[in-house]
Amino acid sequence: TQPPEESLARIIHNTYEKKGTVLIPAFAVGRAQMILYYLYQLKKQKKIPSIPIYLDSPMSIDATNIMQDFSEEIRLSAEMCKKVCAVAHYVHTREESKKLDESNDPKIIISASGMATGGRILHHIKTFGPYPENTILFAGYQAIGTRGADMLAGKKLIKLLGLVVPIEAQVDFLPNLSAH
């Protein structure tokens, strides 16, 4: 298995070449911050294109801010922690979140929930899921019966927000980021 940052870079490049959006359903505490760390490293090393990154989850933003406040408790210096957390634009309001869906420009959206069982990620999947230029990238364990597990199993019609949404986006998985 490739290291997670190599897989992440490959997936981002493939999606960017198609002018698509990478959706990353992420668990708000821990996983979203780990993804920010990898994205920061990839950008710093110029291993991914200059593409906007959005953290679209109030709980993820709160957890990221707490991480910065207690940087001495993790293995990053306060300065490095600040740089990692600054790699993304923070999306605070529903209105800002909806604007992300209005743009077809390439971007990366990290949003909760990690198994696509709720949260803002559902609106992004509804918007970007039907189009093959986009990627839905799961970065953690997907329990049986969740939308995430269904998409990884190849299910092409997903019920969400009272609709049945066709999934034509590339669906991928970073198994070595799972904590299970």
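Contact means heavy atoms within 4.5 Å, and helices (H or I, at least four residues) and strands (E, at least two) are DSSP runs, numbered from the N terminus. The model is predicted: local features need pLDDT of at least 70, side-chain atom pairs count only at pLDDT 80 or more, and totals for chains, interfaces and linings use all residues. Residues are numbered from 1 along each chain as its sequence is written, and side-chain values use heavy atoms, with hydrogens and water left out.

**View 1. Crossing of helices α2 and α3.** Residues A32, Q33 and L36 of α2 meet S60, A63, T64 and M67 of α3. By class, this contact of α2 with α3 comprises four nonpolar, three polar and no charged residues; Ala, Val, Leu, Ile, Met, Phe, Trp, Tyr, Cys and Pro count as nonpolar, Asp, Glu, Lys and Arg as charged, and the others, Gly among them, as polar. The axes of α2 (residues 31-44) and α3 (residues 58-69) come within 9 Å and cross at roughly 70°. Axes are lines fitted to C-alpha atoms, for helices over the stretch in contact, and angles run from 0 to 180 degrees between N-to-C directions. The two helices α2 and α3 are therefore roughly perpendicular (65 to 115 degrees). Their crossing is right-handed, that is, the near helix is turned clockwise from the far one by less than a right angle.

View 2. T64 lies in α3 and is buried, with a relative accessible area of 0%; buried means under 20% relative accessible area (1.4 Å probe, protein chains only). Not counting residues up to four places away in sequence, T64 touches Q33, L36, L55, C85 and Y90. The C-alpha atoms of T64 and K83 are 12 Å apart in space, and the two residues are 19 apart in sequence.

**View 3. Packing of helix α1 on helix α2.** Helix α1 (residues 4-17) packs with α2 at an angle of about 70°, their axes lying 10 Å apart. This makes α1 roughly perpendicular to α2. P4, E5, L8, A9 and I12 of α1 and Y38, L39 and L42 of α2 make the contact. The residues of this contact of α1 with α2 divide into seven nonpolar, no polar and one charged.

View 4. The strands form an open sheet in the order β3-β2-β4-β1-β5-β8, with parallel pairing; two strands pair if DSSP finds at least two bridges between them. β3 (89-90) and β8 stand at the edges with a single partner strand each, so one side of each is left without a neighbour in the sheet. Helix α2 packs on the sheet, touching β1, β2 (53-55) and β4 (107-111), and its direction makes about 160° with that of β4. Helix α6 (residues 121-128) lies across β1, β4 and β5, running at about 150° to β1.

**View 5. Strand β5 and its partners.** Strand β5 (residues 135-138) is covered on both faces, with T135 and L137 on one side and I136 and F138 on the other, all buried. β5 pairs with β1 (residues 21-25) in the parallel sense over two bridges, and V22 stands opposite T135. Four bridges join β5 to β8 (residues 170-173), which run parallel. In β8, Q170 stands opposite T135, and D172 is the bridge partner of L137.

Note on methods:
Buried means under 20% relative accessible area, exposed over 50%, partly exposed in between (1.4 Å probe, protein chains only). Angles under 35 degrees count as roughly parallel, over 145 as roughly antiparallel, 65 to 115 as roughly perpendicular and the rest as oblique.
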